[in-house]
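Hi everyone, thanks for making time this morning. Please have a look at the model on the screen, and I'll talk you through it.

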Amino acid sequence: MLEEADGLLRVRLVINSYGRPERGFRPEAIALKRGEWAQWQVNYRFADEDQWRYRFGTLSIAYGDANPGTPEPAR
């Protein structure tokens, strides 16, 4: 979910939680300034026809012009 206001981009990761326990360790949202970027890596599981399925996903997002060679993403 993305929301832009006051020169910041608010980014919130929304994952379908069906079949998995709620995890409290993920941040509610992060705010990026222009030129910043962030990367989330998420390992999650879900139920599908009486089986557990596992996925690992990576989301990389930049706000405005960002140099992908920047050593540290925003946290």
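Let me begin with what I mean by a cavity: on a 1 Å grid over the protein atoms alone, it is a set of points where a 1.4 Å probe fits but cannot get out, and lining residues have an atom within 4 Å of a point. Grid points are joined across faces, edges and corners, and a volume is the space filled by probe spheres set on the points. What volume does the largest cavity have? It comes to about 40 Å³, and the search of the whole structure finds 1 cavity of 30 Å³ or more.

Before going further, the ground rules. This is a predicted model, where local features need pLDDT of at least 70 and side-chain atom pairs count only at pLDDT 80 or more, while totals for chains, interfaces and linings use all residues. Residues are numbered from 1 along each chain as its sequence is written, and side-chain values use heavy atoms, with hydrogens and water left out.

So, which residues line that largest cavity? They are Met1, Leu2, Glu3, Arg10, Val11 and Arg12. By class, 3 are nonpolar, none polar and 3 charged, where Ala, Val, Leu, Ile, Met, Phe, Trp, Tyr, Cys and Pro count as nonpolar, Asp, Glu, Lys and Arg as charged, and the others, Gly among them, as polar. Strands β1 (2-5) and β2 each supply at least two residues of the lining.

Now the overall layout. The protein chain has 0 helices and 5 strands, giving the pattern β-β-β-β-β along the sequence; helices (H or I, at least four residues) and strands (E, at least two) are DSSP runs, numbered from the N terminus. On confidence, pLDDT is the predictor's own score for each residue, from 0 to 100. Its mean over the protein chain is 77, with 69% of residues reaching 70 or more.

How much of the chain is buried? Of its 75 residues, 17% count as buried, meaning under 20% relative accessible area, with exposed over 50% and partly exposed in between (1.4 Å probe, protein chains only).

Why does Tyr63 count as buried? Because its relative accessibility is 6%. Leaving out residues up to four places away in sequence, Tyr63 touches several others, including Glu4, Leu8, Leu32, Arg34 and Glu36, a contact being heavy atoms within 4.5 Å. Tyr63 and Glu4 are 59 residues apart in sequence, yet their C-alpha atoms are 9.8 Å apart in space.

Glu36, from that contact list, is found in the loop between β3 (30-33) and β4. Glu36 counts as partly exposed because its relative accessibility is 27%. From Glu36 to Ala62, 26 residues away in sequence, the C-alpha to C-alpha distance is 6.0 Å.

Is Tyr54, by contrast, buried or exposed? Tyr54, in strand β5, is exposed, with a relative accessible area of 56%. Tyr54 touches Tyr44 and Arg45, again not counting residues up to four places away.

Last stop: Asp6, in the loop between β1 and β2. Phi of Asp6 is near 55°, a positive value in a residue other than glycine. Most residues other than glycine have a negative phi. Asp6 is also exposed, at 81% relative accessible area.

Terms used
On a 1 Å grid over the protein atoms alone, a cavity is a set of points where a 1.4 Å probe fits but cannot get out, and a pocket is an open set with protein on both sides within 12 Å along at least five of seven lines; lining residues have an atom within 4 Å of a point.
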